[in-house]
Amino acid sequence: MEREVLLRAEGLYRWYGERCAVADLSLELARGEVLGLLGPNGAGKTTTLHMLTGNLAPGAGRVTVAGHDLLDDPRAAKAAIGYLPEQPPLYRELTVGEYLRYCARLNRIPRAEVPAAVRRAMARCGLEGMERRLIGNLSKGYQQRVGIAQAIIHNPAVVVLDEPTVGLDPIQIREIRELVRELGREHAVILSTHILPEVQMVCSRVEIIHQGRIVWSAALDELERELAADALVVGLGHPPAPEALAAVPGVTAVEPLGAGRFRLRHAPGASPAEAVAEAAVRGGWGLVELTPERRTLEQVFVELTTGEAAQEKEAA
Amino acid sequence: MVWVIAGRELKSLFLSPLAWTVLGVVMLILAYLFLAQLDTYMEFAAQLALLESAPGVTDIVVAPVIGDAAVVLLLASPLVTMRLVAEERRARTLPLLYSAPVSMTEIVLGKYLGVMGFMLVLVGLIALMPLSLLLGGGLDFGKLAAGLLGLTLVLGAFAAAGLFMSSLTAQPVVAAVATFGLLLLVWIVDWAGAAREGLGDALARLSLLRHYENLVKGIVSTADLAYYLLFIALFLGLAVRRLDAERMGG
């Protein structure tokens with residue numbers, strides 16, 4: 001399948017006074033992809049999304065949406081973007097129907113097609129029967145859905161969602177994630193979040209932002225490989241000397257964890273679990289635990305975002 | 001697109017109790033002034049009839065009411081315009097407009113026309129009072145039209161200044177106070193420098209009030225019309241620049 005790039009950002013910079021919020025940030029997004037933008041608080045996620053959607057002008061660099069430059073041809077570029085900011089931009093005094101009709105007109109949907117567009121957006125976001133409800137009276141979850149409906153009402157090529165599941169209950173979170181996955185099939189979606197499992201659940205690609213830079217970027221299948229097990233944790237009732245464990249074929253290193261537990265390192269994808277079990281039975285070590293240890297995205301995230309800070313501290 | 005934004009703005013205004021309150025209070029005060037003025041006229045009507053080329057009911061009743069209406073609205077209009085941008089900024093709904101395919105000029109014009117819709121409703125209601133005099137007599141329609149045109153232009157100037165002030169802040173009340181201060185200053189700017197010839201004349205030309213007085217008297221001159229149109233264009237232009245600068249500066 002040919003990769004149709006819908007959103008391209010090149011060398012984005014953004015300063016707030018002396019502080020550099022985003023530095024040399026580039027990314028690319030194709031149809032059918034869901035990109036997870038991950039980062040600790042204050043990493044520059046929201047600033048990046050503001051620049052991608054034309055809410056903030058980048059200090060340097062350029063953004064192209066569906067082939068239109070955001071600065072040279074803002075009208076065409078913005079027509080191809082749907083944006084749900086961190087706080088959904090809702091007019092509380094309007095009803096859901098009035099609000100969505102206004103958004104549809106604002107996005108230049110011809111008058112005759114507005115009712116159909118509103119119906120479609122409401123159906124996709126599970127808002128059936130809410131048309132006459134006042135937005136101010138809706139629960140947070142439903143307000144969030146109205147926010148998403150607003151972002152997809154003009155069927156944009158690129159949908160940008162800033163922390164769409166914050167403050168929702170677990171069932172609503174599942175529904176919104178399902179919706180995001182579905183959107184990702186026809187559109188290109190960018191999702192910012194600091195909830196790590198969410199990324200693994202809905203995204204096809206992950207970029208980790210730290211201090212305004214992209215420090216890690218991987219497709220989800222690469223990610224699975226990256227995170228593949230490279231260690232076993234064994235618990236032994238009668239532990240032998242560590243050297244005996246190191247002698248088991250396939251084990252490259254042994255770390256004692258205390259109380260008869262050891263972490264055995266091995267080459268990724270070549271687990272010596274079987275050999276360890278056999279050796280334990282033969283030696284009468286009293287095997288009580290044998291767990292493959294996976295790196296989690298959380299570990300990667302913590303390593304990247306705290307490791308760099310530590311390095312900087314050393315440099316200083 | 002401008003009309004879509006204007007329509008939403010007008011709808012939201014009438015969905016808030018504030019607009020209705022302003023409308024009600026302004027009409028109440030003006031009705032009182034109108035009746036008081038009418039009472040005065042009735043008292044002197046007999047004596048006026050003896051005069052040659054006596055001032056008519058339009059001069060004695062209608063002109064003062066329209067003149068006073070501008071002063072009352074100087075107080076009231078900042079309350080109507082204060083929320084235009086400030087409220088959206090506070091409620092964080094501006095990204096909806098910024099990420100939609102509309103230009104900054106369209107946003108500002110839309111908001112301006114929306115609030116002008118409200119102002120025109122106000123002018124229409126005020127016009128009903130003099131028109132009610134038709135039940136018992138005649139009116140000088142030329143003077144009435146000039147007065148209403150003047151009132152519309154003054155309200156247009158108030159709204160433009162209010163929109164600009166609202167674009168500066170996230171606090172509607174701050175916008176209201178600043179608008180009121182600005183309008184009052186431009187209203188009375190000719191009080192100073194009256195003694196010195198050149199300066200007094202220059203300041204009088206800047207005053208919102210002086211240009212209005214002419215129109216209320218029934219004198220429609222290009223200079224007065226140009227003054228108001230320039231005033232409106234200046235503040236709308238400033239509002240566009242301000243919102244653009246916000247996007248650049250963050």
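This is a predicted model: local features need pLDDT of at least 70, side-chain atom pairs count only at pLDDT 80 or more; totals for chains, interfaces and linings use all residues.

Q: Which residue of β5(A) is the bridge partner of A:Val65?

A: Strands of a sheet pair through backbone hydrogen bonds, either parallel or antiparallel. Here β4(A) and strand β5 (residues 68–69) of chain A run antiparallel and are joined by two bridges. The partner of A:Val65 in β5(A) is A:His68. β4 (residues 60–65) also runs antiparallel to strand β1 (residues 5–16) of chain A, with five bridges between them. In that pairing, A:Ala9 stands opposite A:Val63.

Q: How many helices and strands are there in chain A, and what is its radius of gyration?

A: Chain A holds eleven helices and 14 strands. Its radius of gyration is 25 Å, whereas a compact globule of 316 residues would have a value near 20 Å. The C-alpha trace spans about 80 × 50 × 40 Å along the principal axes of chain A. Of the 316 residues, 40% are buried. Among contacts between residues at least 6 apart in sequence, 68% join residues at least 24 apart.

Q: In what order do the six strands of the open sheet lie?

A: The order in chain A is β6-β7-β8-β3-β9-β10, and the pairing is mixed. The edge strands, each pairing on one side only, are β6 and β10 (213–219) of chain A. On average, neighbouring strands of this sheet are turned by 15° against each other, direction ignored.

Q: Which pairs of strands show the parallel and the antiparallel sense?

A: β6(A) and β7(A) pair in the parallel sense over four bridges, with A:Leu84 and A:Leu161 as bridge partners. β7(A) and β8(A) also run parallel and are joined by five bridges; A:Val160 is partnered there by A:Ile190. By contrast, strand β9 (residues 205–210) of chain A runs antiparallel to β10(A), with six bridges joining them. In this pair, A:Glu207 stands opposite A:Ser217.

Q: Which helices pack on the sheet, and which strands do they touch?

A: Helix α5 (residues 140–152) of chain A packs on the sheet and touches β6 and β7 (158–162). The direction of α5 makes about 165° with that of β6(A). Helix α6 (residues 170–186) of chain A also packs on the sheet, touching β3 (34–38), β7 and β8 (188–193). The direction of α6 makes about 145° with that of β8(A). Together, β7(A), α6(A) and β8(A) make a right-handed β-α-β unit.

Q: Why is β7(A) described as largely enclosed by the rest of the structure?

A: In a regular strand the side chains alternate between the two faces of the sheet. In β7(A), A:Val158, A:Val160 and A:Asp162 point one way, A:Val159 and A:Leu161 point the other way, and all are buried. Since five of the five residues of β7(A) are buried, the strand is largely enclosed by the rest of the structure.

Terms used:
Residues are numbered from 1 along each chain as its sequence is written. Chains are lettered from A and ligands numbered from 1 in the order in which they are written. Two strands pair if DSSP finds at least two bridges between them. Axes are lines fitted to C-alpha atoms, for helices over the stretch in contact, and angles run from 0 to 180 degrees between N-to-C directions. Two residues are in contact if their C-beta atoms, placed from the backbone, lie within 7 Å. A residue is buried if 20 or more other C-beta atoms lie within 10 Å of its own, exposed if 12 or fewer, and partly exposed in between; C-beta atoms are placed from the backbone. A crossover is right-handed if, with the strands pointing away from the viewer, the path from the first strand over the helix to the second runs clockwise. The radius of gyration is taken over C-alpha atoms; the globule rule is 2.2 Å times the number of residues to the power 0.38.
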